[in-house]
Amino acid sequence: MNVKPLADRVLVRPVAAETTTAAGIIIPDSAKEKPLRGEVLAVGNGTKDEQMVLKQGDQILYGKYAGTEIEIDNEKLLIMRQSDVLAVVC
């Protein structure tokens, strides 16, 4: 995959959502919530006003409706602005 985000954008692979609960109940696809955690795959260079602080491999948390879903090599990914990222998971 050769995708390089521009400016202050990042390419994110969402972490797979849980398929069962702690009690062992299987959650159907229609009831699953969109994942709010992911891994940064690629980052842009930033802008003159906003320095890029994220780097490839960072585990991040983002808003429920953040980013635009795209499909590359049959994999669903998100591309979003760095400002849509809420936190880096340490």
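## Starting from one residue

Mentor: Let us begin with R13, a partly exposed residue with a relative accessible area of 30%; buried stands for under 20%, exposed for over 50% and partly exposed for what lies in between, with a 1.4 Å probe and protein chains only. Please keep in mind that this is a predicted model, where local features need pLDDT of at least 70 and side-chain atom pairs count only at pLDDT 80 or more, while totals for chains, interfaces and linings use all residues. Residues are numbered from 1 along each chain as its sequence is written, and side-chain values use heavy atoms, with hydrogens and water left out.

Trainee: OK, so what do the side chains of E75 and R13 meet in?

Mentor: E75 and R13 meet in a salt bridge, with 2.6 Å from N to O. Because E75 lies in strand β5 and R13 in strand β1, this pair ties together parts that are 62 residues apart in sequence. A strand here is a DSSP run of E with at least two residues, numbered from the N terminus, and a salt bridge is a side-chain nitrogen of Lys or Arg within 4 Å of a carboxyl oxygen of Asp or Glu.

Trainee: And E75, is that one buried or partly exposed?

Mentor: E75 counts as partly exposed, at 27% relative accessibility. R13 and E75 also belong to a network of salt bridges, in which they are linked with E39.

Trainee: How many salt bridges does the structure hold?

Mentor: The structure holds 4 of them. One of the others joins R81 and D8, whose closest N and O atoms are 2.8 Å apart. That pair links distant parts of the chain, since R81 belongs to strand β5 (residues 75–81) and D8 to the segment before β1 (9–14), 73 residues away.

Trainee: How many bridges join β4 to β5?

Mentor: There are 5 bridges between β4 and β5, which run antiparallel, and across them I70 stands opposite L77 in β5. At the other end of the order, β3 and β6 are antiparallel over 4 bridges, and Y62 faces V85 in β6. β2 and β3 are joined by 3 bridges, again in the antiparallel sense, and there G38 has I60 in β3 as its bridge partner.

Trainee: Which residues of β3 are on its covered face?

Mentor: I60 and Y62 make up the covered face of β3, and Q59 and L61 the uncovered one. I60 and Y62 are also among the 12 residues of the largest nonpolar core, together with V10, V12, V40, V43, M52, L54, A66, L78, M80 and V85. Strands β1, β2 (37–43), β3 (59–62) and β5 each supply at least two residues of this core, and apart from it lies another core of 5 residues, including L11, L41, A42 and I72. A nonpolar core is a set of buried Ala, Val, Leu, Ile, Met, Phe, Trp, Tyr and Cys residues joined through side-chain atoms within 4.5 Å.

Trainee: Last one: what is the phi of N74, roughly?

Mentor: N74 has a positive phi of about 60 degrees although it is not a glycine. Most residues other than glycine have a negative phi. N74 sits in the loop between β4 and β5 and is exposed, at 74% relative accessibility. A7, in the segment before β1, likewise has a positive phi, of about 50 degrees, without being a glycine, and A7 is partly exposed at 30%.

Methods:
Two strands pair if DSSP finds at least two bridges between them.
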